Amino acid sequence: MTDNKEKNDKEIPSKSCIVTFKSVMYAMQFEKLMKLNNIEFKLIPVPRSISSSCGMCGKFNMKMKDMILDLCDKNKISYDTVHDFSEI
């Protein structure tokens with residue numbers, strides 16, 4: 001039971017980035033790519049302070065930013081903007 005609790009308590013660190021997408025299709029492709037590469041992330045609603053045509057964004061550890069954006073570029077996943085989540 002402790003293992004499940006530890007897994008549930010595992011949160012993305014406070015120093016996070018969010019990436020917004022031009023469409024839901026790209027958000028879903030992003031989700032699939034992150035899962036295939038075992039990268040910890042969350043799909044969340046776009047914060048109100050940011051506009052996005054899709055309404056969903058990916059949240060991930062800031063340390064992974066360059067690698068994740070490179071993966072998106074290599075896999076032709078079009079993203080809109082990238083933000084430091086702590087500033088929002």
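Figure 1. A search of the whole structure, which is a predicted model, finds three aromatic pairs.

Figure 2. F60, with 0% relative accessibility, counts as buried. Seen together, F21, F30, F41 and F60 make up one aromatic cluster.

**Figure 3. Surroundings of F30.** If residues up to four places away in sequence are not counted, F30 touches V19, F21, F41, L43, G58, F60, I68, C72 and I77.

Figure 4. Helix α2 has 13 residues and reaches 18 Å from its first C-alpha to its last, close to the 18 Å expected at 1.5 Å a residue. Which residues of α2 are buried? They are A27, F30, L33 and M34, and because they cover an arc of only 125° around the axis, they are placed on the same side of α2. On the other side of this helix, K32, K35 and L36 are exposed. The cover over the buried residues of α2 includes strand β1 (16-21), strands β2 and β3, and helix α3 (65-74). Just after α2, N38 takes a positive phi of about 50°.

**Figure 5. Helix α3 and its two sides.** In helix α3, the buried residues are I68, L69, L71 and C72. The arc that they cover around the axis is only 155°, which puts them on the same side of α3, whereas D66 and K74, on the other side, are exposed. The buried residues of α3 pack against strand β1, helix α2, strand β3 and strand β4 (79-84). After α3 comes K76, whose phi is positive, near 55°.

**Figure 6. I68 and its contacts.** I68 is found in helix α3 and is buried, with a relative accessible area of 0%. Not counting residues up to four places away in sequence, I68 touches F30, M34, I39 and F60. The C-alpha atoms of I68 and L33, which are 35 residues apart along the chain, are separated by 9.3 Å.

Figure 7. In soluble globular proteins, nonpolar side chains tend to be buried together. The largest nonpolar core of this model has 16 residues, and those with the most contacts inside it are V19, F21, F30, M34, F60, I68 and I77. The elements that give two or more residues to this core are β1, α2 and α3. Apart from this core lies another, of five residues, among them I18, I44, V46 and I50.

**Figure 8. The whole chain, as a setting for the close-up views.** The secondary structure of the chain comes to three helices and four strands, which follow the pattern α-β-α-β-β-α-β when read along the sequence. Of the 88 residues in the chain, 32% are buried. Among the contacts in the chain with a separation of 6 or more, 73% are accounted for by residues 24 or more positions apart. The accessible surface of the chain comes to about 6,000 Å², and 50% of this surface belongs to carbon and sulfur atoms.

Definitions and conventions:
Residues numbered from 1 in each chain as written. Predicted model: local features only at pLDDT ≥ 70, side-chain atom pairs only at ≥ 80, totals over all residues. Heavy atoms only, no water. Phe/Tyr/Trp six-rings, centres within 6.5 Å; stacked < 30°, edge-to-face > 60°. Buried < 20%, exposed > 50% of the residue type's maximum accessible area, 1.4 Å probe, protein only. Expected span 1.5 Å × (residues − 1). Arc of directions from axis to C-beta. Contact = heavy atoms within 4.5 Å. Areas by Shrake-Rupley, 256 points an atom, 1.4 Å probe, with all protein chains shown as cover. Core = buried A, V, L, I, M, F, W, Y, C linked by side-chain atoms within 4.5 Å.
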